[in-house]
Structure formats: C-alpha cells, structure tokens
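Here is a friendly briefing to read alongside the structure. Keep the 3D view open and look for each part as it comes up.

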Amino acid sequence: MVTSKKSRRALALAAVVVGSLVASILPASADNAAPKGDLVLVRNQDFATFDPDLAQNDSIFPQQQIYEGLYRASTDGTKIEPWLAKSYTTSANGLTWTFKLRTDVKFSDGTPLTSGDVKFSIDRATKGDGWGFLNTAIASVDAPAADTVVITTKFKWAPLLADLASFSNSIMKKDFGGVTAAEYFKAPIGTGPFMFDHWTPGTELKLVANKKYWQPGKPYLNSVTWKYVVDDNTREFMLKGGQADINEEPPAATIKSLQASPNIKVGIFPAAASNFLAFNHKVPALSDVHVRRAISYAIDRAAISKVVFSGLATPSNSFLAPGVQFYDKTTPGQQFDLKKAAAELKMSKYAKGLKLDLLIRGGNKTHEATASIVQAALKKIGVTMTITAQEPSVQRATQKKMEYQMTLTAWTMDIVDPDELLTFGLTPDGGTHAYFTNYNNAAVNAAVVKGQTNVDPKVRQAAYSFVQKQTAEDAFMAFTVNPPYLYAWTNKITGFYVNPLYTYRMEDVKKAS
Amino acid sequence: MIPVLFGISIAVFAIVHSIPGDPADVLLGQNATPAKIKIINHQLGIDRPLIIQYFNFVSDIFHGSLGISFYNHEPVFSLILARLPMTGMLLTGGVLLSILIALPLSILAASKRGALRDQVVRAIPIIGLGMPQVWVGVMLILLFGLKFQIFPVSGFGDTFPERLRSIFLPSLTIAILLSPILIRSLRASMLEILDSDYVLTARSKGISTARITRVHVLRNAIIASVTVLGINIAYLVGSMVVVERVFAMAGTGSLMVDSIARRDYPIVQGVTLYFAVVVVIVSLITDLIHAALDPRVVLK
C-alpha cells in the first residue's frame, strides 16, 4: 500500500491518540504491573533472621513482607481478617477447624500454595522454641485436600485465628522446598508482596517486588531497603537529606521539630504497647499489696509522659493496652495520688517507710528518666529508692532470675487477642512466672483459662474485664504509660501506616518520583 | 607476634565469657524462658566446659575460621572481611587528611616561634582535642551534608568515586581530632631541631630557609611524629565506632559494639583478635619507617 507523508503522519498521530485513550481506560493493575520507586527505611535495629520462630521486632516487619499467614490483623489492629485462607468452619464440639485456602496464591518462585505448605509451616511453628507457646492448643494439622487444612485443638480455643495471624505462623514452602532450614532462611521464599534480594548484616536488608504476588497491581514499590542506622541524629539527617524515605522510631523529643519540617510527615500511631514497673513479689516488702499499691499511686504517669515521651504517651490503667481486644477502659488502675499512696503505705507493715531498689537498663534514656521521676515521688511517701543500672541483656537476665526488687519493663502485642500476653505474662504456668514477678492469683488464672476456652465474646469480655480489674487491684505490676509508635517519612511516600500490633504492610505504600 | 596473639586469645576468651548476660536470652528476646534458654545454649555449645570452648576457638583459628556468629549464623571471618574495605578507607582517609592538615600548620607555627601564627596554631590542639567526635561529625553533616549538600549524610556508596565522597566527612572528623596531636608533636620537634647546631651551621652556609626546613628540620622532626602517629592509629582502630555510628557506616568498630550487646561471643573474639593483629602490624610498620628515617636505629 502506498501512502503519502501526510497520511503517514495522520496515522501516527491517530495511533498515539488511540494508544493514550486505551492506556487511560485500562484498569489500574496494568499501570501497577511495573512497580516503581525504591524505598529506604532507616531504623536503629539490625535485621537478624528470616526464621519466624526466632523473630523479634528487628526481624518481624521485614519478614512480613515476604511471608504471609492464613489470617492477618486488620489495618486498625482490632480484628482478624482472612488472608491466605478464604474461610473456615468449626465442628459442633469446637475442636476441629476446617480452613479453605485461596487457590490463586503462588510463592515468589512460581509454585502454587497448597495445604501441604500450611501443614508443614504450622507444625514447625508449634514445635518452635521461640513462639511455639502460641500454638499450645493445637493437637494436629491435616491436609486432606490441596485447598483444605484441618486443625484440631486439644481443647476449645478462642484465640486460634489470632494465633494463626501471628508472624510465627507464617507459611513457608513444604520441607523448605527441598533445602535445609539454614539454606531456606538465607534466601527465603514466601507468598508475600516482596522477595529477598540481599542482606548485608550490620548494614542493610533489601527486598524487591514479587511480580507473582496474588493481589492484583501490588506491590507498588520496586524495592524496600531497611538500613541499620543507630544514631538518632543520623537517621533524621538522612530523612531530611533525601537518603531515606521513612525513619522508624524517631525520638519523641524530635517530633515537634519534625512536624515543623517541610516535606516531612509524622505518624503518631496508637499502639497496643504498655510500659510497666514490675515488682518482685518474692521480696517481703513487695509481697504486701499495700506497698505495691502505694508505689503505684505514687507514680506520676503524666510527668513520665511529658518528660520521657514529650506528652505523646497516655497514662495506663490496665495490664492490657488500649487497642487490644477486650481492653476495659473502666479498669480502676492506680493513678497518681500521693495522699492515697501515703494512706496505702500506712496500712502496710512499712508505715514508717522502707528502702527499695529499682533495676533499670543502663544507657536507656526512657528508663533513666522514668526512674528519676519515680524516685522523687517515692521519697515523698517515705520510700527511699536506689537505682541500679545494668547493661540491657544483664538487666533482662537479672529480671529472669528474679534477683531484683523492682524493674522497668514493657510489652508490645503481637496478636490481636489478649491471650498471648495473659498466658505468657500473667499466669504462673506461662513459662515466665507472671512476667518474672511471681504473682499468682487463682481467680485470675481461672479467668484467663475461661477467656481462652470460650468463643462467646460476652463471656470472654467478662473474664478479661475481671482479669484487668483484679490485677489492677492487686497492683501486680504498676502500669505506667501506653506509648505510641512514632514514624516520620518524606511527603513522597503515601499509604504508609502502622497498626497497633506494630506491623506495616509495604504492599500498600507508594513513592512519588 | 605469635606469643602476643596467643596471649590475647586467652585474655579475650576469658573476658568475653566473664561478661554477665546470656546469648540465648538475647536471641530469644522477651520470650526467653529459662527452659528455652537452656535448649538454645546447648545448641550454641556454650553449656560445654570453658576449656573445651577455648580449644574449639583456637582449633577454628588454626583451620582458618573464626567461628560462626550466634546471631546471624554467618562466618565471622566473612563478616570482618566485608567490613575491611570501609574501615581501611576510613582509617587511611583520616590519617592522610590529618597529615595534610598537620604538616603545613606545624611548619607555619615553628617557622617563627611566639609569633601570632604560632599562637593561633598552638590554640588548634586545645580546641581540636576539646571537641567531642560526635559533635564534630554532626556539625560537618549539618554544614556539608544538609546545608551545602556537597557530601552524602551517611553510608558508604557503591562505586569507588561514591565511596571517596562518602568517606570524606567521616575522615575529616577523624582528622580534626587526630591532627592536633600531630601538630603538637611535630611543632615541638621542629622547634627543638631549629635550635640545634647543625641547623645553625646550615644557616651560616647561606642555605635557604625552605631547604633547611625541608631537608634538615622536617625529616628529623618527622621521626618522633611517626611514632606518635603509629600509636594513635593503633588507638583509632579500636575507637572508630563513634565516627561509624554518626555516619551510619558499618565498620569493624560497629560490628564489635553490636556483638558485645548481643553476646555474640564468636564475633567479639574474632574482632578483638583482628584488632590485635592490626595493632601489631601497625606497630611493626611504624618501627620499620622509624628505622628507615633514622640511621641510628638498626633493626635486628
């Protein structure tokens, strides 16, 4: 066919116009098929492991971008939503849970997810030394069909879905895809939005987009890199200088100046986190509930929030943090009242005063400032408090050996359900002797079991409200403050959020060029 | 060298194992119950008798290995090796910049004792030694990293030119703190030599001041400063962690500090041994340079 120059130009123009129109009406997923943007997140924790059983906060968040679970916590962290599982049914006796899996999920190496992978992963998690305690109730896991998993529990177990949503129950390839565990965790394979690129211990971990991810159009980013930067100032400089996109945990004292900085956004996310002053009940004076209450009343929580957290933390009233399921805001936890503190001390055997020691972590500014505030307050009611600082791991060891009198400690929830904390940190059989306090209240222990083994939310709420009320009255620990999670990011970043369980989902994050 | 390293291996092993705290406790974090700690300690082999553990440590060294990290299960040797380029460049950069700063200033000061320029240069060591490394680093970042954006705020870069740019500010931080020591030493030596008879003789022969300074004064004055520099390089090897932290550079100093906090015994032992080897080598090189510069010193 012979065409003139003019007509060729007209055809080319028409092709461009038609092409543009077609592009504009195509679904968004076509646009997202090519992820773009390389995100850098700076943090003061070095990544440690891809083994979910050994994961702590340093490793959990990156792991969650590679691995996924059958269920996951909702964005607001208060509910459980199906993820790799589509649905479940339970048997009449409540012991058998049958899960149907999604059939469109593939691992990043292209192999489809099957029930065999799920059985292998959950069985491994149950045997785990690190987080296996979450799966205490699981008797067996079976895989009768490729898309069906049956979990049988030893007894009725309400927190099962929350437990399955934990990172510890992440789904990996059956038998590690034919390699050893050590080899698998060097280059892990999961169904998540990102896959492993490289890890340089002490420097950075980089993940790249999983092009086979089952959620259409996601992830939006081409890569995510976690850089280990210890110094608070340096992280802030990197953010301001454009070398980082997100700063994890900027100090509370810098939040106002960050908020005033152009091009920087600050996230103050509600957290299911609590700070405590723990009592060793084996110490004679601290086995007296009036002494514990006196100390708890004497703690100026508002001052701790103001001095230590720049006013961003809220005074705590309960062992459970706001945001945890079944948190009861009416729990009458002791609040700052020196008159009540003095009155409680008068009711104890130590009306004339006593000497106690508070063990803290050396070099930890939060601990040092909190200890000073507590020390000053206790002096007013006749309690002379000395402060002993130990290097962090030594402090933990001393706490676990119960060779302390009082210490500062904290907890962040990993699952939506309160059972994790209550079993581990309250009951004497949870492995920690009630968070190394030696607290043991039979009625509280019974209520914890009642909460675990009843699926009726009303029954569970009643049980957990009782637990919160009784532990507050017993002042088993002094609940101090609930701090938020703090993050700062550049205004190029959108879609970043942290849920109360301290997790973030990078598949929802976009970076403008 | 071998007896020194052997002695160091015993000292390091003894110190590391006498630090309170438990590697398993660090690994398991807040979930660590005494029962779980026992299991992990068994897996790590730290429930064995100390003599067996020491034997394994030495045996690993003879097999060209420094063990495996408790924390990230990587070979310790590889972890140290991965950080050597950065640490090496940082150290070299810091020392070179120190010399570049110290040499002209010392000559300037010594050329006229008591003059204003001498007073100004003499004030530099007092100011330089009084400034904390962290503060100097932060100020340099604020000025050259954020305000003028000439150098990156942190990191090490990927290509050689990027790396040169990356190490400039941390090297300058080291130099600002190291050069005062050199200036003080070099100026004092130069003044002493300038008063000597042979310099007077050279002047009486009509040799130019520049030639006297270069050939007769500087060469002799440098001998003492080489020793001072050698000692301070050895000190720097173990103390660069502050600069590394401020500039977010993962060097051997950071590796050591992180590993102590994690009770990662194999890494602490390995890095300490590496520090010892470097210090011994630096001392050896210092002695060789000293002998080359001073004909009175003979190496046997």
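In this predicted model, helix 5 of chain B passes helix 13 of chain B in a right-handed crossing. Helix 5 covers residues 76-111 of chain B and helix 13 covers residues 265-293 of chain B, and the two pack at an angle of about 50° with their axes 9 Å apart. That angle makes helix 5 of chain B oblique to helix 13 of chain B.

**Where helix 5 and helix 13 of chain B touch**

- Helix 5 of chain B brings B:Val76, B:Phe77, B:Leu79 and B:Ile80 to the contact.
- From helix 13 of chain B come B:Pro266, B:Ile267, B:Gly270, B:Val271 and B:Tyr274.
- Sorted by class, this contact between helix 5 and helix 13 of chain B has 8 nonpolar residues, 1 polar residue and no charged residues.

- Now find helix 8 (residues 160-194) and helix 10 (residues 209-239) of chain B, whose axes come within 8 Å and cross at roughly 150°.
- How do these two helices run relative to each other, roughly parallel or roughly antiparallel? An angle over 145 degrees counts as roughly antiparallel, and helix 8 of chain B and helix 10 of chain B are therefore roughly antiparallel to each other.
- Helix 8 of chain B passes helix 10 of chain B in a right-handed crossing.
- On the helix 8 side of chain B, the residues that meet helix 10 include B:Ile174, B:Leu178, B:Ile181 and B:Leu182.
- On the helix 10 side of chain B, the partners include B:Val217, B:Asn220, B:Ala221 and B:Ala224.
- The contact of helix 8 with helix 10 of chain B counts 14 nonpolar and 5 polar residues, with no charged residues.

**Chain B as a whole**

- Which kinds of element does chain B have, and how many? Chain B has 13 helices and 0 strands.
- Along the principal axes, the C-alpha atoms of chain B fill a box of roughly 85 × 55 × 35 Å.

**The three domains of chain A**

- In chain A, the domain assignment gives domain 1 (35-66 + 192-270 + 485-513), domain 2 (68-176) and domain 3 (273-482).
- The centres of domain 1 and domain 2 of chain A, taken over C-alpha atoms, are separated by 27 Å.
- This contact takes 16 residues from domain 1 of chain A and 18 residues from domain 2 of chain A.
- Helix 3 (residues 57-66) of chain A gives the most to the domain 1 side that touches domain 2 of chain A, with 3 residues.
- By class, that side of domain 1 of chain A has 9 nonpolar, 5 polar and 2 charged residues.

**Where the two chains meet**

- How many residues of chain A are in contact with chain B? There are 31 residues of chain A in contact with 39 residues of chain B.
- Helix 7 (232-240) and helix 13 (392-400) of chain A are the elements that give two or more residues to the side of chain A that touches chain B.
- This side of chain A has 11 nonpolar, 13 polar and 7 charged residues.

- The model scores ipTM 0.78 and pTM 0.84.
- Chain A has a mean pLDDT of 90, and 94% of its residues reach 70 or more.
- Residues 1-7 of chain A stay under 50 in pLDDT, and the model has 1 contact for them beyond four places in sequence.
- Residues 10-32 of chain A also have a pLDDT below 50, with 6 contacts in the model beyond near neighbours in sequence.
- Chain B averages a pLDDT of 87, and 99% of the residues score at least 70.
- Among the elements of chain B, helix 2 has the lowest mean pLDDT (79) and helix 5 the highest (92).

Methods: Residues are numbered from 1 along each chain as its sequence is written. Chains are lettered from A and ligands numbered from 1 in the order in which they are written. This is a predicted model: local features need pLDDT of at least 70, side-chain atom pairs count only at pLDDT 80 or more; totals for chains, interfaces and linings use all residues. Domain bounds come from an automatic or database domain assignment. Two residues are in contact if their C-beta atoms, placed from the backbone, lie within 7 Å. Helices (H or I, at least four residues) and strands (E, at least two) are DSSP runs, numbered from the N terminus. Ala, Val, Leu, Ile, Met, Phe, Trp, Tyr, Cys and Pro count as nonpolar, Asp, Glu, Lys and Arg as charged, and the others, Gly among them, as polar. Axes are lines fitted to C-alpha atoms, for helices over the stretch in contact, and angles run from 0 to 180 degrees between N-to-C directions. Angles under 35 degrees count as roughly parallel, over 145 as roughly antiparallel, 65 to 115 as roughly perpendicular and the rest as oblique. A crossing is left-handed if the near helix is turned anticlockwise from the far one by less than a right angle, and right-handed if clockwise. pLDDT is the predictor's confidence in each residue, from 0 to 100.
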